Structure formats: C-alpha cells, structure tokens
Amino acid sequence: MALQWIHAYYGKAHPIWLNVLKQASLVVRKNMKAKEYIETAGVSMDEIVNWEKFSIKTMYLRLKSTFQKMPWKKLICNNGGLPKWTFILILAAQRSLLTRDRLAKWGITDETVCPLCTVENESIEHLFFSCSFSTSVWSNILSWQGLNRPALGWQEELKTASDYAKGNSADAVIYKMSIAACVHQIWQERNLRIFQHQSRPATPIIRMIIQEVVGKGAIQKKLSRKLSELNFYP
Ligand SMILES: [Zn+2]
C-alpha cells in the first residue's frame, strides 16, 4: 500500500529510496510511522519512557492540538486549486517532501545541490523561495496579481498565505490557488531536472502557472471578472 501511494504521487521516486522501503519489514515501517507521529505530537522518547502507561487519548489530544496550531490549515482546506496542487502544498507545509537535504541525512544520496539554481543546497526553505530560480517564478506570480513585493522565506510565505486564507474575496482565492499552483510547478520542475534530465526556463513555467490558475478559476463567476482584469502573459 505504501509503495502504491509513493508510485501514485511521486511517480519518479528515487529507485534507492524505493528499495529501502521494499526491504523494510512491515514492523520497521510501522515503527518509523509511529516515531513520526510521536515527533509530530511534540512528545520526546524520554517523556514516553516516564509515562506509567501509554495513553492513546493523550497522544490524540497532543496531536490534535498540534494540528490546530498549524496556521496553514485554512490555506489547504479552503483552497480552490486542483487536488494535485494542494497535495504538494500540504507536503511542503508539513516539510514532508523528499528534498535532497533529507535524503542525504538518511544516507540515500550524496547529491545535495539544488537542481534549479545548481548553487545552494536543496531544502524546503531553499526551494520555497530562497532559490534564485523559484524566487523569480514566485515574484512574477505575485506581480501578476498586482502584488509588488519580494518573495519571502517559506514560513513567512505560509503565514502570509494563511492570513489571506481567512478572507474569501476574489483576490484571496486567487492568491491561495496561485501559491498552490506555484509550489506544485516548482516541485514538478525539480523532479523533471532530477529524474528526466530536462529543464524549462522560468518564463514558460510562470505562464503555465497563470494559465492553470485562470483555467481553474475562470469557471467561478466570482473569480472570472477579477482574472479577466489581470494580464494573461506578464
Ligand atoms: Zn536553488
């Protein structure tokens, strides 16, 4: 099931990573998943050792409060973008995308350089949006929406997008869809470069993001007017 999930969503996942998963027994994989939940809940192993008995209820409440604190929850729940956009956005917000810094930490790869700029090391923070390539893409998408500000760091962008998510205006809906489409396209471009050794310049990616957002949003009456006011090809 885990392998089917990875094939479905990652498509071109690194073969070594798949081998690691294939070779791991069900018990090992369950243990890895349990450790992930425990860490997400902010519970240390020392704390668990000192518990007189393990309580599912306590873990549930700790996890529940952790998820409630996630400021980007509304950004995901109220996002009118395609499911494939929000799926990658969730993984990016949860820091679950298999970026090269994580793979290197696990000993799966020695390659740490970002395939987009080929200068800095690849991490979530770098890809969204410290990288010169992705910064150029996102800055243009901001400018297309009439927002003339530089790209911010990943946490600041998530916070800004989450603040937008509280509103339901055409501007807010387009903003939420745009960041989801942008994160998805940047992740696609990154995978294209790593797994297919192909690359696209920033301009066609920017146009594709805009076309995707316009294509998805124009069918909504509330958005169609606002979208028609924006320059289709910046
Ligand atoms: Zn880069």
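Predicted model: local features only at pLDDT ≥ 70, side-chain atom pairs only at ≥ 80, totals over all residues.
I started with what sits over helix 13: the cover on its buried residues includes helix 10 (132-144), helix 12 (170-195) and helix 14 (221-229).

Next I looked at helix 13 itself. It runs over residues 202-217, 16 residues in total, and spans 22 Å from first C-alpha to last, close to the 22 Å expected at 1.5 Å a residue. I then asked which of its residues are buried. My list reads Ile205, Ile206, Ile209, Ile210, Glu212, Val213 and Gly217. Looking down the axis of helix 13, I see the buried residues fall within an arc of 160 degrees, so they line one face of the helix. On the other side, Pro204 and Gly215 are exposed.

Then I turned to two of the covering helices. How do helix 12 and helix 14 pack? Their axes are 9 Å apart, at an angle of about 85 degrees. Angles of 65 to 115 degrees count as roughly perpendicular, and therefore helix 12 and helix 14 are roughly perpendicular to each other. From helix 12, I noted Ala170, Asp171, Val173 and Ile174 at the contact; they meet Lys222, Leu223, Lys226 and Leu227 of helix 14. I sorted the residues of this contact into five nonpolar, three charged and no polar.

Last, the whole chain. I found 14 helices and zero strands. Of the 234 residues, 26% count as buried. I also checked contacts between residues at least 6 apart in sequence, and 60% of these join residues at least 24 apart.

Notes: Residues numbered from 1 in each chain as written. Helix = DSSP H or I, 4+ residues; strand = E, 2+ residues; numbered from the N terminus. Expected span 1.5 Å × (residues − 1). Buried ≥ 20, exposed ≤ 12 C-beta atoms within 10 Å, placed from the backbone. Arc of directions from axis to C-beta. Contact = placed C-beta atoms within 7 Å. Axes fitted to C-alpha atoms, helices over the stretch in contact; angles between N-to-C directions. Parallel < 35°, antiparallel > 145°, perpendicular 65-115°, else oblique. Nonpolar A, V, L, I, M, F, W, Y, C, P; charged D, E, K, R; others polar.
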